[in-house]
Amino acid sequence: MADFQLVHRPAVHEAFASSAGAVTLQPLPEGRVIQVLGKPAGDDLRQILTEFAGTGPHGLRSAGPGQWFIVGDSPMTHDEFQAMAAKLAQHAFLVDQSHGRVRVGLKGTRIVDVLAKGTGVDLDRVAVGESAMTLVGHISVHLTRLAPDAIELMVLRGFAESLWDDLVRMSREFA
Amino acid sequence: MASLVPCPHCGSRPKEEFTVKGAALPRPAPDAGEQVWMDYVYLRDNPRGRYEEFWHHTSGCRRWLVVTRDTATHEIEASRDVAFGTSPEARA
Ligand SMILES: [Zn+2]
């Protein structure tokens with residue numbers, strides 16, 4: 001246990017919404033983000049990991065061969081994390097990234113047009129539930145399509161504000 | 001340089017997501033001797049035409065790939081994962 005109190009401050013402060021629902025940017029709850037690194041030459045863990053994926057939409061997200069993120073809005077205690085890590089020990093290594101990565105939700109009819117200014121991923125080919133690791137501008141993000149008009153970006157905490165400012169600027173055309 | 005690179009895991013992505021690490025040459029044996037290692041590390045041909053290079057998908061899936069590229073036209077023919085010997089190729 002640390003002998004001093006950590007002060008929690010949100011990485012991104014306010015939401016941004018353009019008129020008529022073209023683009024809405026929303027900081028998402030800083031709940032849980034667990035990085036899963038499959039052991040080399042291991043089995044496909046998707047089936048095994050599904051039971052840990054939580055209740056949020058698309059709680060289990062691929063992040064390249066043998067890598068996943070388990071995400072959710074509710075925080076995880078240290079004991080819960082340890083229990084999960086123990087259960088998965090023979091298949092994968094887990095890294096608690098809950099305080100290291102921030103999620104931003106994009107909703108609206110023009111979000112693909114906004115993101116197309118910053119990423120090389122063909123978003124029309126990213127189906128609901130699918131994810132991609134990519135760049136938005138120079139910032140590395142993990143991108144997931146939650147619905148036809150909703151995309152979530154996950155970014156390293158230190159880059160969150162910079163990405164947010166970029167997204168706001170990219171969205172202004174549709175204000 | 002080609003601006004779109006096909007990744008067998010991620011699909012077609014801009015070259016900015018990748019780091020290029022030079023010719024995909026067979027690595028000498030650990031005890032191959034100083035001269036062989038010297039050549040492998042420092043002496044490289046600069047061929048014109050079809051060429052295999054190591055590319056790292058740094059800002060994507062973070063896998064090492066072998067990309068077949070034509071050094072004269074910059075056209076990319078294919079890419080494959082280095083470690084997964086039988087993994088599907090991605091064609092440009
Ligand atoms: Zn890739």
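This is a predicted model: local features need pLDDT of at least 70, side-chain atom pairs count only at pLDDT 80 or more; totals for chains, interfaces and linings use all residues.

**Sheets, chain contact and rings**

Mentor: Helix H2 (residues 78-87) of chain A lies across strands S3, S5 and S6 of chain A, and runs at about 165 degrees to S6(A). Helices (H or I, at least four residues) and strands (E, at least two) are DSSP runs, numbered from the N terminus. Contact means heavy atoms within 4.5 Å; axes are lines fitted to C-alpha atoms, for helices over the stretch in contact, with angles from 0 to 180 degrees between N-to-C directions.

Trainee: Fine. What is the order of the four strands in that open sheet of chain A?

Mentor: The order is S4-S5-S3-S6, with antiparallel pairing. Two strands pair if DSSP finds at least two bridges between them. Strand S4 (60-62) and strand S6 (92-96) of chain A are the edges, each pairing on one side only. From one strand to the next, the twist averages 25 degrees.

Trainee: How many bridges join S3 and S5 of chain A?

Mentor: Six, in the antiparallel sense, between strand S3 (residues 32-38) and strand S5 (residues 67-72) of chain A. A:Leu37 has A:Gln67 as its bridge partner in S5(A).

Trainee: And what holds strands of a sheet to each other, in general?

Mentor: Strands of a sheet pair through backbone hydrogen bonds, either parallel or antiparallel.

Trainee: What about the open sheet of six strands in chain A?

Mentor: Its order is S1-S2-S7-S10-S9-S8, and the pairing is antiparallel. Strand S1 (16-17) and strand S8 (131-136) of chain A are at the edges with a single partner strand each, so one side of each has no neighbour in the sheet. Further in, strand S7 (residues 101-107) and strand S10 (residues 150-156) of chain A make seven antiparallel bridges, and A:Leu106 stands opposite A:Ile151 in S10(A). Helix H4 (residues 157-171) of chain A lies across strands of chain A including S7 and S10, at about 140 degrees to S10(A).

Trainee: Switching to chain B. What is its secondary structure?

Mentor: One helix and seven strands, running β-β-β-α-β-β-β-β from the N terminus on. Buried residues are 35% of the 92 residues in chain B, where buried means under 20% relative accessible area, exposed over 50% and partly exposed in between (1.4 Å probe, protein chains only).

Trainee: How many residues of chain B are in contact with chain A?

Mentor: 12, and these are in contact with 11 residues of chain A. The area buried between chain B and chain A is about 860 Å², with 51% of that from carbon and sulfur atoms. B:Arg13, B:Ser59 and B:Arg62 supply 50% of what chain B buries against chain A, more than any other three residues. Buried area here is the accessible area (1.4 Å probe) that two parts lose on being put together, summed over both.

Trainee: Where does B:Arg62 lie?

Mentor: In the loop between S4 and strand S5 (64-70) of chain B. B:Arg62 is partly exposed, at a relative accessible area of 30%. Its phi is near 65 degrees, a positive value in a residue other than glycine. B:His74 also has a positive phi, about 65 degrees, and is not a glycine; B:His74 lies in the loop between S5 and strand S6 (76-81) of chain B.

Trainee: How many aromatic pairs are there over all chains?

Mentor: Two. B:Phe18 and B:Trp55 are edge-to-face, at 5.9 Å centre to centre and 75 degrees between the planes. B:Phe18 is in the loop between strand S2 (11-14) and strand S3 (19-23) of chain B and B:Trp55 is in strand S4 (residues 50-56) of chain B, so the pair ties together parts 37 residues apart in sequence. Both B:Phe18 and B:Trp55 are buried. The other pair is B:Trp37 and B:Tyr40, with ring centres 5.5 Å apart and planes at 85 degrees, so this one is edge-to-face too. Rings of Phe, Tyr and Trp (its six-membered ring) pair if their centres lie within 6.5 Å; planes under 30 degrees apart are stacked, over 60 edge-to-face, the rest tilted.

Trainee: Why are B:Trp37 and B:Tyr40 separated by about one helical turn?

Mentor: Because they are three residues apart in helix H1 (residues 34-42) of chain B. B:Tyr40 counts as buried because its relative accessibility is 18%.

Trainee: Which residue lies over the face of B:Tyr40?

Mentor: B:Arg44, at 5.5 Å from the ring centre. In chain A, the charged end of A:Lys39 sits over the ring of A:Phe93, 4.9 Å from its centre. The rule is NZ of Lys or CZ of Arg within 6 Å of the ring centre and within 35 degrees of the ring normal.

Methods: Residues are numbered from 1 along each chain as its sequence is written. Chains are lettered from A and ligands numbered from 1 in the order in which they are written. Side-chain values use heavy atoms; hydrogens and water are left out.
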